[in-house]
Amino acid sequence: MKRAAGGIEGLDKRNPGAGTVPVLSDLIGLRTLSRSRGGARRGSHGVQALAPSLLLGRGMEYAESRRYVPGDDARLIDWRVTARTGRPHTKLFQAERERLTLLVADTAAALYFGTRVRFKSVQAARAAALAAWQAVRDGDRVAALRGSLHEAPVPPASGPRGALRVLDALVRWYQAPPAEDAGLALALDHARRLLRPGSRLLVLADAASVAAVPETLWPGLARHNDVHVLLLTDPLERRPPVARLPFALAGGRLELGLDQAGVRQRWKQAFDGPLEAALAGLARFGLAAAPLSCDLPAEAVRDVLHCPPSRCTA
């Protein structure tokens with residue numbers, strides 16, 4: 001197989017590091033590719049998802065208390081004021097005026113690899129950056145997190161400042177595999193705690209990471225949110241050459257006979273098997289999911305981000 005001098009075919013020789021690590025200036029430059037969204041998607045349980053609005057919901061920030069009137073939610077009774085005045089009062093909350101776009105970045109070691117144009121980790125950063133700039137265009141707050149027991153999520157913030165905080169985190173996370181990666185399941189559990197009905201959730205992951213996520217997590221995420229999962233792939237994994245392929249190992253050199261039917265079948269089971277299982281599993285929960293090859297240009301990545309569920313799971 002033909003390989004560039006840097007080890008990745010199609011690598012930009014003017015900026016060779018851009019293929020192996022994300023570059024902040026490149027992620028900032030993707031802002032020009034953001035575009036208007038279409039209409040609201042249909043939710044996973046057959047109800048129409050929330051359409052973009054300047055007023056999204058009750059919110060979580062306490063505003064004041066007032067006298068209880070019939071029809072108020074009994075769960076919002078302000079018991080302290082009620083006890084002090086002897087009359088029932090209910091809490092009012094500051095309305096939430098911005099939707100949340102939450103980006104979940106898988107940092108499994110398998111993503112820090114690539115044979116065409118760039119590493120899968122770099123493509124994940126690019127896709128997340130496009131989503132962040134899209135959130136800014138739509139007036140959303142944007143946040144990000146990874147599976148970590150020690151690093152806090154990037155908190156939700158709106159405007160270019162919020163997007164830049166996310167981009168800075170993506171550059172750090174995808175420079176190299178983090179010293180501690182607690183897994184995608186933990187990241188999604190943290191995401192579940194941050195999301196509010198009507199939020200947008202983008203998950204960038206390796207198929208093997210998705211396989212390790214308990215299936216009980218997905219329905220709760222999909223029920224009230226617009227969820228999109230992108231599974232990073234490499235052309236070599238999906239379309240290996242019909243030839244004997246050499247690999248350099250720490251202890252020497254290994255040659256894999258991909259010109260043999262049995263070896264190719266085992267290769268397909270190792271790479272396509274987890275990918276197809278992840279796509280099928282996510283489709284059962286009505287999630288928009290799609291493979292994302294590391295060699296796709298930014299315009300094609302943007303199109304995948306906007307792909308409707310019925311086409312993304314094909």
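**Sheet, core and a buried arginine in a predicted model**

Biologist: How many bridges join E3 to E4, and how do these strands run?

Modeller: This is a predicted model. Strands E3 and E4 run parallel. The number of bridges joining E3 to E4 is six.

Biologist: In what order do the six strands form the open sheet?

Modeller: The pairing in this sheet is mixed. Neighbouring strands are turned against each other by 20 degrees on average, direction ignored. The order of the strands is E5-E4-E3-E6-E7-E10.

Biologist: Which strands stand at the edges of the sheet?

Modeller: An edge strand here has a single partner strand, so one of its sides is left without a neighbour in the sheet. The two strands in this position are E5 (154–158) and E10.

Biologist: Which strands does helix H10 touch as it packs on the sheet, and what angle does its direction make with that of E7?

Modeller: Another helix, H5 (residues 184–194), lies across E3, E4 and E6 and runs at about 170 degrees to E3. Helix H10 touches E6, E7 and E10. The angle between the directions of H10 and E7 is about 140 degrees.

Biologist: Which element supplies the largest share of the largest nonpolar core?

Modeller: The largest nonpolar core has 39 residues. Elements that each supply at least two of its residues include strands E3 (100–105), E4 (141–146) and E7 (226–233), together with helices H3 (120–137) and H4 (159–173). The largest share, eleven residues, comes from H3.

Biologist: Which residues have the most contacts inside this core?

Modeller: In soluble globular proteins, nonpolar side chains tend to be buried together. Leaving aside neighbours within four places in sequence, Leu 103 is in contact with residues including Ala 128, Val 142, Leu 145, Val 166 and Leu 202. The residues with the most contacts inside the core are Leu 103 and Leu 230.

Biologist: Is Arg 146 buried or exposed?

Modeller: Arg 146 lies in strand E4. Its relative accessible area is 7%. Since buried means under 20% relative accessible area, Arg 146 is classed as buried.

Biologist: Which residue's side chain is joined to that of Arg 146 by a polar contact of 3.0 Å?

Modeller: Not counting residues up to four places away in sequence, Arg 146 touches several residues, among them Thr 107, Trp 173, Glu 180 and Asp 181. Glu 151 is also one of the residues touched. The side chain joined to Arg 146 by the 3.0 Å polar contact is that of Glu 151.

Key
Residues numbered from 1 in each chain as written. Predicted model: local features only at pLDDT ≥ 70, side-chain atom pairs only at ≥ 80, totals over all residues. Heavy atoms only, no water. Core = buried A, V, L, I, M, F, W, Y, C linked by side-chain atoms within 4.5 Å. Buried < 20%, exposed > 50% of the residue type's maximum accessible area, 1.4 Å probe, protein only. Helix = DSSP H or I, 4+ residues; strand = E, 2+ residues; numbered from the N terminus. Contact = heavy atoms within 4.5 Å. Polar contact = N/O pair within 3.5 Å; in protein donor to acceptor, adjacent residues only side chain to side chain. Pairing = 2+ DSSP bridges. Axes fitted to C-alpha atoms, helices over the stretch in contact; angles between N-to-C directions.
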